[in-house]
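I set out to record what could be looked up about sheet, helices, cores and charged pairs. The entries follow in the order in which I made them.

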Amino acid sequence: MGIHGLSRLLHDHAPHALKEGKMENYFGRKIAIDASMSIYQFLIQVRLAGGEGQLTNEAGDVTSHISGMMYRTIRMMEAGIKPVFVFDGKAPTMKGGELAKRKERMKQAESELTRLQQEGGSAEEIEKQQKRTVRATREQSEEVKTLLKLMGVPVVDAPCEAEASCAALAKANLVFATGTEDADALTFGTPILVRHLSMAEARKMPIVEVNLAAVLEGLKLTHAQFIDLCILCGCDYVDSIKGIGPITALKLIQEHGSIEAILKKIDLTKHPLPEPFPFEDARKLFTDPDVVDPSSLDIKWTDCDVEGLRKYLIEDKQFAEDRVNKAIERLQKCKGKNTQNRLETFFGPVTVKRAERKPDPKAVKGKGKGKMPAGGSAAKKMKK
């Protein structure tokens, strides 16, 4: 779910923190990607494209997530990106309420989808409900892990939220950025967030890069205050306060500095708190999340296991042999790109200097052949 209304808030109040680009802009970059979010996107895309369901093999097993992850990962690597896929662990206890709500919304969506299909609902209404009925399973995550390992792509199992561990890798400089659609990766402190990485080409949209330092500068907040802002907007751990939307939340944080100070100032009869409202616990989950220890990781990109990949895709998952061979061929060609580094790896960040201004012709005396510029007499004296 992420943070309610944060994207619009950033567009309005910190537009300089957002930068659009293409996949090729990230040549040589290591990016930690929220794997569960990517799997969900592939399931959604295929469901909507097909209209009726997912890609399946002869046994009826869904293969949309495997096909999508394979081809999109190859495309990233062809662009010179070095992806690290991070998988969710156990959800925090505080997220239980949100997960229960999601299950209930899914049941309602399934019921509504059936009604719309029987009564001839509009394509837009049907698409909306289809999105709500899609969920990535634990089994699908394990299948994608197997695929990625055979492809030679590093896989990380997070103890808890994947985006929190992605942020930890970015803060430790093991990767350049976190790749996810959930803006709460910024709340967890990733210096750079990259959105639309997994679906930019399919949906013909630019990749959006969000710089946390520029976000804080634009919103005029410290990171601690930004965390409180995200909690007030509404996150996976607590609901928002009635009558306080993102714009009001930003004004209140800018004025009072913390949730505790705000609660002393606002009229709680007009703005009743949700029950419960454990904002301090939510704050701790953002400031001190359960994440993988970056120092314990040995992140490496290796050659793909050709025979293992062929067996897994052709024999186990019944993919077409020629299709798999072509994918492996593309994957093997990526090896050279993934061993190259960006220039700043060797020389540091690239800086652009302003060109030196040329002398003003009007300030030059005796312009022309045989004439000496101003200061020439002094040069003559020096010669003597």
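**Entry 1. Strand β7 and its partners**

I began at R195, whose bridge partner in β7 is V208. Four bridges join strand β6 (residues 192-195) to β7, and the two run antiparallel. I noted that helices (H or I, at least four residues) and strands (E, at least two) are DSSP runs, numbered from the N terminus. Two strands pair if DSSP finds at least two bridges between them.

Before going on, I noted that this is a predicted model, in which local features need pLDDT of at least 70 and side-chain atom pairs count only at pLDDT 80 or more, while totals for chains, interfaces and linings use all residues. Residues are numbered from 1 along each chain as its sequence is written, and side-chain values use heavy atoms, with hydrogens and water left out.

I then looked up β1, which pairs with β7 in the antiparallel sense over four bridges. Here K19 stands opposite E209 in β7. Strand β7 (residues 207-211) is mostly covered, four of its five residues being buried. Buried means under 20% relative accessible area, exposed over 50%, and partly exposed in between (1.4 Å probe, protein chains only).

**Entry 2. The whole sheet**

What is the order of the strands in the open sheet? I read it as β1-β7-β6-β5-β2-β3-β4, seven strands with mixed pairing. The edge strands are β1 (18-21) and β4, each of which pairs on one side only. Neighbouring strands of this sheet are turned by 25° against each other on average, direction ignored. For such angles, axes are lines fitted to C-alpha atoms, for helices over the stretch in contact, and the angles run from 0 to 180 degrees between N-to-C directions.

I also checked a parallel pair: strand β2 (residues 30-34) and strand β3 (residues 82-87) are joined by five bridges. K30 has K82 as its bridge partner in β3. Helix α7 (residues 162-171) packs on the sheet and touches β2, β3 and β5 (177-179), with its direction at about 165° to that of β2. Helix α6 lies across β3 and β4 and runs at about 150° to β3.

**Entry 3. Helix α9**

I looked next at helix α9 (residues 212-219), which is mostly covered, with six of its eight residues buried. Which residues of α9 are buried? They are L212, A214, V215, L216, G218 and L219. These buried residues pack against α1 (6-13), α8 (184-187), β7, α10 and α11 (246-256).

At the start of α9, a side-chain oxygen of N211 comes to within 3.0 Å of the backbone nitrogen of A213. After α9 comes K220, with a positive phi near 60°.

**Entry 4. Nonpolar cores**

I recorded the largest nonpolar core, which has 46 residues. A nonpolar core is a set of buried Ala, Val, Leu, Ile, Met, Phe, Trp, Tyr and Cys residues joined through side-chain atoms within 4.5 Å. Those with the most contacts inside this core are L6, V210, L219, F226, L229, I231 and F286. Helix α10 (residues 223-233) gives the most to this core, with seven residues.

A second, separate core of 40 residues includes I66, L150, I207 and L313.

**Entry 5. Salt bridges**

I noted 15 salt bridges in the structure. A salt bridge is a side-chain nitrogen of Lys or Arg within 4 Å of a carboxyl oxygen of Asp or Glu. One of them joins the side chains of K145 and D157 at 2.6 Å, N to O. This pair links distant parts of the chain, with K145 in helix α6 (residues 138-151) and D157 in strand β4 (residues 155-157), 12 residues apart.

Is K145 buried or exposed? At 8% relative accessibility, K145 counts as buried, whereas D157 is partly exposed at 44%. Leaving aside its neighbours within four places in sequence, K145 is in contact with F87, V155 and D157. E142, K145 and D157 are linked in a network of salt bridges.

I then looked up two further pairs. The side chains of D298 and K300 meet at 3.5 Å, N to O, and both D298 and K300 are exposed. K311 forms a salt bridge with D316, the closest N and O atoms being 3.5 Å apart. K311 is partly exposed, with a relative accessible area of 42%, and D316 is partly exposed at 39%.

Technical notes: Contact = heavy atoms within 4.5 Å. Polar contact = N/O pair within 3.5 Å; in protein donor to acceptor, adjacent residues only side chain to side chain.
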